[in-house]
Amino acid sequence: MTINVSRRGFMIGSAAGTAALLVGVNAKGVLAAGSGVAAATDLNPFVKIDADGTVTVIIKHFEMGQGTTTGLTTLVAEELGADWDTVQTAFAPADNERYANLFFHAQGTGGSTSIANSFMQYREAGAAARDLLVRAAAQNWGVDASSITVENGMLKSGGNSGHFGEFVAIAATLEAVEKPTVKTPDQFKLIGSDKLHRKDNTDKTNGTAIFAMDVNLPGMIYAAIMRSPKFGGTVTSFDDTASKDVAGFIAAQILPNKAGVVAFGKNTWAAFQARDALSVEWDFSQAETRSTDAMIADHKVLLDAPQFDANHEVPLASVEPLLANATKTIDAEFTFPFLAHAPLEPENCIIEPTENGVRLHDGCQFPTLTRPMVAAALGLEPSQVEIRTLYAGGSFGRRANGASDYNVEAAMAFAVSGRKVPVKLVWSREDDIRGGYYRPMAVHRAKIGLDSDGKIIGWDHRMAVKSIMKGGPMEGMVQDGIDPTSVEGVTESLYTIPNHGIGLSDFQTPTPILWWRSVGHTHTGYVMETLMDMLATETGQDPIEMRLAMLDPAGTNQARMIEAIKLVREISGWEKGDKRGFAAHLSFNTCVAVVADVTVEDTSVHVNKLFMAVECGVAVNPDVIRAQMEGGAGYALCAAFRNEITLTDGEVDQFNFPDYELLRNAEMPAIEVAIVQSNNAPTGVGEPGVPPTAPAVANAIFGKTGKRITDLPMTKAGFDFV
């Protein structure tokens, strides 16, 4: 059974089990071990072994279904020699100094980094624990440590044998080695195994997994918020007369930032009904009032004179004369709508008073951002905000919010409630679809110049999109005015493209936007791989052979991409002249290549099968990797087929799943995933399956119909997906 504990709860548990062995990193950043309260306060444990032999792996990344509880546990169990079936997991407390993502230097989950940043950290913790137990057993048995074997939670030497717990008391007195010896790939038994069951499956299947929505506390009240129908609007006044007729209604208050009115109820239903009965007057003077068509038009105006040259080595101005002398040009313009994240569990969290401050119960994706934001909303120090991390029912980036919007809303609601009882804030599905945050709208315009031999002589690529990073906590990533998440996938293209000028303009709107699964690659990958297919068609080349010719095998990532492309060509049986679609893209340091097989009858499109090949370094959990590729493909198809967030006079038109449809089971194509065998350090898999999927399907539709789709969603091209 999975154990969810706060930092305080974890320390109390450690204190109670005085014979427990804790292995982690101490304040000096070196591996250390100990037992009881002293160890819990002196180091950040990754492994806890109790006297009964129970092994608990402390998970520093939250679990939204992407498999961190399985992946991080695999790393420890592999090196420790633990029994996979009995290893437990516990979410780490919110503590930036102790549980930081080694890539972000902050505690958070995102960017497909969970396994990549933890790969050696968790393996070394497991190896250090194993070394301590072996030395303890050797001391206890009076044998040489080299005679001891470790497997499935048992230590053996000659006629001696014992489980881990029998040696934790001695092990806790020993000094951890500074650099434990970890296994070589040929010694792996768990890493790379297809036989491990997921650690979160049982609890999620039998209903014992705890999500924030499941939390009920004594005296808790419920909150629902009436937000401005236009983004950027503020409350001027409200009338709760009708709300007072709702059974269970408690009170209504304007939020301190005037962004909405919160209604409190004795249960969720009462809070929602009371909220909906409110009459609110709004100030829209600073709000978004445009409709979708006007916003797209404004994006296109920005393309005429880009603000920034995103490729400093090739200014756009230098490309223009080259294109003027081209024998032939390929011209295309692409539009992409706002997209909602639409996780199955809408945003919700609970804030309760504690002796020292408050405790937040949340499927918290980025505690380092959330803790100070909640503290600021309540006038507390971050240290006064305790976070209890729970399972999350999806996120796709929605919960990793620089403004910690729903957490701060809960804090404001808690503040105006009087701060005496726990407050549970619940968003409805409609709140989530209509209330932002969204993948930003984006528009691209490209012009590729070819010489008489069909060779590229210049490429003018312009895009307009609202910056995700500017004005947020990660604004430091912006360089020379260029938000890298706006242009990633174009500036980082693996293809050898001469004279590739890239222009960027920042679109301005009060509409809140946010990273969405695979961030900027969601639109840049589609554009690049559609243009590559157009280039292959225009020059009469096989799409795969052309791409392979444009990849330099001497480049590390190019070589990895070549491996992925060749693998997907092999498993799909691709042949020259194939009318299926192909696309490949590097994102989050992982290479994915896709072949899409579709059937088109009149305007009806059915995606029969996707073939996917991924190069992601060492495949820690192949089954999880395949699931992430499949999930990424489904997520991409769901959006590309028919989904969009549109605005009329600044108000979102969509409400719920009936008009923002998820992919149904019958619409999900068969998917065959192949993993490139590699001993490279693992890279991410949560997001890279998204970018190449939609362009592969679009290229397949072109192969069957001759019609290019450059305006998403694809239904705008007149197709239905069946």
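Visitor: Are Phe211 and Tyr391 buried or exposed?
Guide: This is a predicted model, in which local features need pLDDT of at least 70, side-chain atom pairs count only at pLDDT 80 or more, and totals for chains, interfaces and linings use all residues. Residues are numbered from 1 along each chain as its sequence is written, and side-chain values use heavy atoms, with hydrogens and water left out. Buried means under 20% relative accessible area, exposed over 50%, and partly exposed in between (1.4 Å probe, protein chains only). By that rule, Phe211 and Tyr391 are both buried.

Visitor: Why is the pair of Phe211 and Tyr391 classed as it is?
Guide: Rings of Phe, Tyr and Trp (its six-membered ring) pair if their centres lie within 6.5 Å; planes under 30 degrees apart count as stacked, over 60 as edge-to-face and the rest as tilted. The whole structure holds 14 aromatic pairs. For Phe211 and Tyr391, the centres are 5.8 Å apart and the planes are at 40°, so the pair is tilted.

Visitor: Which residues do ring pairs link into a cluster?
Guide: The cluster is joined through ring pairs. Its members are Phe46, Tyr99 and Tyr122.

Visitor: How far from the ring centre of Trp84 does Lys199 lie?
Guide: A charge sits over a ring if NZ of Lys or CZ of Arg is within 6 Å of the ring centre and within 35 degrees of the ring normal. Lys199 lies over the face of Trp84, and its distance from the ring centre is 4.7 Å.

Visitor: Which residue just after H17 takes a positive phi?
Guide: Helices are DSSP runs (H or I, at least four residues), numbered from the N terminus. Just after H17, a phi of about 70° belongs to Gly573.

Conventions
Helices (H or I, at least four residues) and strands (E, at least two) are DSSP runs, numbered from the N terminus.
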